[in-house]
Amino acid sequence: MSAETHPVPQDFRARIGPDELAALRRAFDADPDAFWLDQAQRLDWEKAPSQAGDWSFAEEGFAIRWYGDGQLNLSVNCLDRHLPAHGDRTALIFEADEPGTGRTVTYRELYEETCRFANLLKQRGIARGDRVMIYMPMIPEAAAAMLACARIGAIHSVVFGGFSPESLAGRIKDCDACCVITADEGVRGGKYIPLKRNVDTALEMGDVPTVIVVKRTGEDVPMKHGRDIFYEDWRGALATDCAPEAMNAEDPLFILYTSGSTGKPKGVVHTTGGYAVWAATTFDWIFDCREDDIFWCTADIGWITGHSYVVYGPLMNRATSVMFDGVPNYPDFGRFWETIDRLGVTIFYTAPTAIRALEREGDNWVTRHKRSSLRLLGTVGEPINPDAWEWYWRVVGDGRCPVVDTWWQTETGGILISPFPGATPMKPGSATQPLPGITAELVDAEGKTLDGAASGNLVLTSSWPGQMRTVWGDHARFFETYFSTYRGKYFTGDGCRRDEDGYYWITGRVDDVINVSGHRIGSAEVESALVSHRKVAEAAVVGFPHDIKGQAIYAFVTLNAGEEGNDDLRKELIQEVRHDIGALAAPDKIHFTPALPKTRSGKIMRRILRKIAEGETQGFGDTSTLADPSVVDALLTGRQ
Ligand code: WTA
């Protein structure tokens with residue numbers, strides 16, 4: 001690990017410098033409630049909150065509440081309040097797959113589109129508290145659809161367009177959605193994604209009353225009479241105003257499904273007031289975005305990063321931001337940098353997997369573009385290796401742009417550990433320090449708190465406004481997943497080292513979640529897809545290091561008697577995973593083995609499987625608890 005420290009670049013000026021950051025930390029220490037109420041003042045409240053947090057991590061059946069007596073509408077905070085003085089300001093720069101074919105949307109236009117959408121939802125009988133699925137490309141209508149839900153108090157659940165119809169169907173069922181908003185097709189990297197057809201397939205497994213289809217390509221798609229409508233057919237007749245619902249701070253804003261270590265993906269629930277405060281606060285603190293900045297977060301709205309830093313955070317802060325519907329390597333490996341020059345992007349936020357993939361293609365793709373507009377760079381989604389960090393800093397940023405390595409999770413709503421670009425000296429590979437208001441600790445396997453320089457598991461000991469409130473429909477699972485490992489503490493699932501300067505180095509998941517290209521995949525989900533194939537008896541899935549993706553999926557598979565493991569079957573199994581989950585969960589390696597290493601009580605010893613997947617041939621630790629130690633030798637000979 002590189003120990004080199006990079007000071008804040010001399011010419012970089014941010015609103016929050018070292019003194020301001022120290023003052024924020026002091027303010028929190030002195031009076032946490034006053035500190036949090038202060039942050040809430042960034043928003044326009046229908047009824048201002050008089051209380052900050054009210055929570056406990058220690059009891060089952062507990063609730064986490066923030067700003068509990070406040071009322072507000074989030075679409076008002078993103079749109080209406082900017083209109084009087086800044087209605088003509090660009091809210092979104094839509095950058096389509098084909099360079100230069102996008103368009104810009106002002107705050108007033110986004111307001112009107114949102115109101116139209118909201119009115120259409122109301123006409124279709126959708127009301128406060130109803131669940132609406134959004135399965136869309138990265139087009140401005142997708143942001144308008146999210147904001148329209150927020151406006152009428154419906155709860156949105158965005159599903160990434162790369163998930164399969166099966167996955168979509170599972171989510172629709174889990175939250176009992178009454179509407180799906182989609183597009184005819186998506187276009188990414190020159191390829192067409194049949195979104196509406198996927199929705200149709202999903203709805204064969206459980207229908208909904210309304211499907212709203214936005215035309216993106218104009219492709220002829222089947223429409224079911226009475227259920228499916230084209231947004232464009234109605235748009236002209238819809239009013240461009242719509243009175244906002246006054247939402248209670250603790251009313252759910254959205255559900256976002258994410259993978260955990262066990263079972264099916266869980267519906268992470270975020271509520272209105274606290275989430276809004278945290279998304280607005282962290283966007284302001286970490287990205288230092290001002291009037292003349294152009295912010296670009298490359299994440300898809302199907303992930304939490306797209307929720308907080310493409311839609312809600314930037315819009316609440318009246319930023320101008322880029323909504324990108326393409327991929328980093330189309331039409332060529334210079335796409336990011338060409339787009340940055342063409343649009344004048346000043347702040348750029350992307351994932352380490354993209355940085356590594358582009359680094360591999362050589363510096364020329366970067367240096368042939370000027371990038372002179374850039375002043376700040378950021379990363380999110382997985383640990384960034386110091387090499388990739390240095391390349392990002394030196395080649396992309398010409399050594400002049402701070403790099404904010406931001407650690408957070410779907411569950412945290414917004415960034416929790418990150419440098420402040422104008423205040424925190426950076427160490428490549430470290431997300432540096434918890435933000436003011438965030439109380440992080442490292443604990444050992446027994447839950448003992450570790451002091452000073454140490455390695456352990458990362459926990460949070462107090463709540464913050466952006467914390468998830470529950471698992472949709474299963475509060476017991478919420479408690480079990482996050483608060484039962486270390487009583488009274490929120491367990492992140494991440495391992496972490498803290499160095500002598502108090503800097504945090506996230507080492508990755510310590511549970512059965514695999515982080516593939518920054519996307520969370522649960523081992524259990526992939527295993528369940530594999531065993532649904534009639535030839536498969538058992539499967540165990542682990543992550544292994546991958547140069548570009550960070551981690552990739554390695555599947556150990558045992559077959560039913562008489563079946564033969566060969567390349568054709570490998571293809572079928574990969575197809576099975578694509579069908580059940582989506583291409584993003586496809587294993588890189590499938591290793592057929594006569595048996596899996598199990599303890600005498602029948603538990604699969606994943607520790608051994610991880611080592612084998614990593615290419616180790618010895619040092620498996622204590623194997624005396626294995627029911628049949630010869631399994632290890634068989635596994636070694638069959639390694640992929
Ligand atoms: C990992 C994405 C190291 C981590 C916002 C976490 C990171 C999981 C970083 C959450 C980072 C995210 N450094 N690891 N800067 N950012 N992670 O829910 O393992 O998709 O638990 O949220 O990604 O992934 P999620």
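Here is a quick tour of a ligand site, a pair of domains and a few backbone details in this structure. The model is predicted, so to speak of local features takes pLDDT of at least 70 and side-chain atom pairs count only at pLDDT 80 or more, while totals for chains, interfaces and linings use all residues. Residues are numbered from 1 along each chain as its sequence is written, and side-chain values use heavy atoms, with hydrogens and water left out.

**The ligand site**

- The ligand is surrounded by 17 residues, and the closest are Asp405, Thr406, Thr410, Asp494 and Arg520; to be near the ligand, a residue needs a heavy atom within 4 Å of it.
- By type, that shell splits into six nonpolar, six polar and five charged residues. Here Ala, Val, Leu, Ile, Met, Phe, Trp, Tyr, Cys and Pro count as nonpolar, Asp, Glu, Lys and Arg as charged, and the others, Gly among them, as polar.
- Helix H11 (304-316), strand E20 (403-406) and strand E26 (504-509) each give the shell at least two residues. Helices (H or I, at least four residues) and strands (E, at least two) are DSSP runs, numbered from the N terminus.
- One nitrogen atom of the ligand sits 2.7 Å from a side-chain N or O atom of Asp405, and a ligand nitrogen is 3.3 Å from a polar backbone atom of Glu382.
- On the oxygen side, a polar side-chain atom of Arg520 is 2.7 Å from a ligand oxygen atom.
- On its own the ligand would expose 530 Å², and the protein buries 96% of that (Shrake-Rupley areas, 1.4 Å probe).

**Two domains**

- The chain divides into domain 1 (18-497) and domain 2 (517-638), with bounds from an automatic or database domain assignment.
- Their C-alpha centres are 32 Å apart.
- Where they meet, 23 residues of domain 1 contact 19 of domain 2, contact being heavy atoms within 4.5 Å.
- About 1500 Å² is buried between domain 1 and domain 2, and carbon and sulfur atoms give 49% of it. Buried area is the accessible area (1.4 Å probe) that two parts lose on being put together, summed over both.

- Tyr330 and Pro331 are joined by a cis peptide bond, with omega about -5°; Pro331 is in the loop between strand E17 (321-324) and helix H12 (335-343).
- Arg318 is not a glycine, yet its phi is positive at about 60°. You'll find Arg318 in the loop between H11 and E17.

**Around Asp80**

- Asp80 is in the loop between helix H3 (74-78) and helix H4 (83-86).
- Beyond its neighbours within four places in sequence, Asp80 contacts Ser75, Tyr111 and Arg151.
- The side chains of Asp80 and Arg151 make a polar contact of 2.8 Å.

Notes:
Polar contact = N/O pair within 3.5 Å; in protein donor to acceptor, adjacent residues only side chain to side chain.
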